[in-house]
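Please consult the sequence and the structure shown here alongside the points below.

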Amino acid sequence: MISSTERQLGQRLIDQRLMTVDDLERLAVDSQRTGLSLTHLLIETGRVLSADVLRAVAGELDMGYCELEVGFSPNRTAVELLDRESAERLEALPYDRDNTGRVLVAVADPLNEAKHAEIEASVGT
């Protein structure tokens, strides 16, 4: 059985027409059989691109999503808000400010509340 959070993620992907209800049900059975998470199975099976899963997770968490790929150029002023050692330890990169002046930070683990609190204290997001 998949968790309610995973079911919400699955429903978001269905709503975005990235998978079907039948896909979700098959993956739920596979998740129960293998013990692997729905997210893992979605990516592992190639059913959905990892970027699509990450966007859907960000949507569930009411967070933004950005891809840090080759050619990405963060705002230097934002980057300098967090020293390199802290950025590596927190797995975080302040990359810009929104139109209200709030610092935008890319994080490796959006569910780690302790890291979020430390980032907020450091950069004032």
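**Helix H4 and the overall fold**

The buried residues of H4 pack against H1 and helix H3 (38-44). These buried residues of H4 are Ala51, Asp52, Val53, Ala56 and Ala58. The model is a predicted one, and the points below proceed from the whole protein to individual residues.

**Architecture**

- The protein contains seven helices and two strands.
- In sequence order, these elements follow the pattern α-α-α-α-α-α-β-β-α.
- The C-alpha trace of the protein spans about 45 × 25 × 25 Å along its principal axes.
- Of the contacts in the protein with a separation of 6 or more, 36% are accounted for by residues 24 or more positions apart.

**Burial, surface and charge**

- The protein has 125 residues, of which 26% count as buried.
- Among the side chains of the protein, 13 are positive and 23 are negative.
- The centres of the positive and negative sets lie 3 Å apart.

- An α-helix has 3.6 residues a turn, so residues three or four places apart point the same way.
- The buried set of H4 includes Ala51, Asp52 and Val53, together with Ala56 and Ala58.
- Aspartate 62, which follows H4, has a positive phi, near 55°.
- Methionine 63 counts as partly exposed because its relative accessibility is 33%, a value between the limits of 20% for buried and 50% for exposed.

**A nonpolar surface patch**

- Which residues form a nonpolar patch on the surface? Leu61, Met63 and Leu111 form this patch.
- Together, Leu61, Met63 and Leu111 have about 260 Å² of accessible area.

**Aspartate 15 in helix H1**

- Aspartate 15 lies in helix H1, which comprises residues 4-15.
- Is aspartate 15 buried or exposed? Aspartate 15 counts as exposed because its relative accessibility is 56%, and the cut-off for exposed is over 50%.
- Aspartate 15 and serine 73 are 58 residues apart along the chain, and their C-alpha atoms are separated by 32 Å.

Definitions and conventions
Residues are numbered from 1 along each chain as its sequence is written. This is a predicted model: local features need pLDDT of at least 70, side-chain atom pairs count only at pLDDT 80 or more; totals for chains, interfaces and linings use all residues. Side-chain values use heavy atoms; hydrogens and water are left out. Helices (H or I, at least four residues) and strands (E, at least two) are DSSP runs, numbered from the N terminus. Buried means under 20% relative accessible area, exposed over 50%, partly exposed in between (1.4 Å probe, protein chains only). Contact means heavy atoms within 4.5 Å. Lys and Arg count as positive and Asp and Glu as negative; His and the chain ends are not counted. The place of a charge is taken as NZ of Lys, CZ of Arg, CG of Asp or CD of Glu. Patches are made of residues with over 30% relative accessible area and no salt bridge: like charges are joined within 9 Å, nonpolar side chains (Val, Leu, Ile, Met, Phe, Trp, Tyr) within 5 Å. Accessible areas come from the Shrake-Rupley method with a 1.4 Å probe; for residues, only the protein chains shown count as cover. A salt bridge is a side-chain nitrogen of Lys or Arg within 4 Å of a carboxyl oxygen of Asp or Glu.
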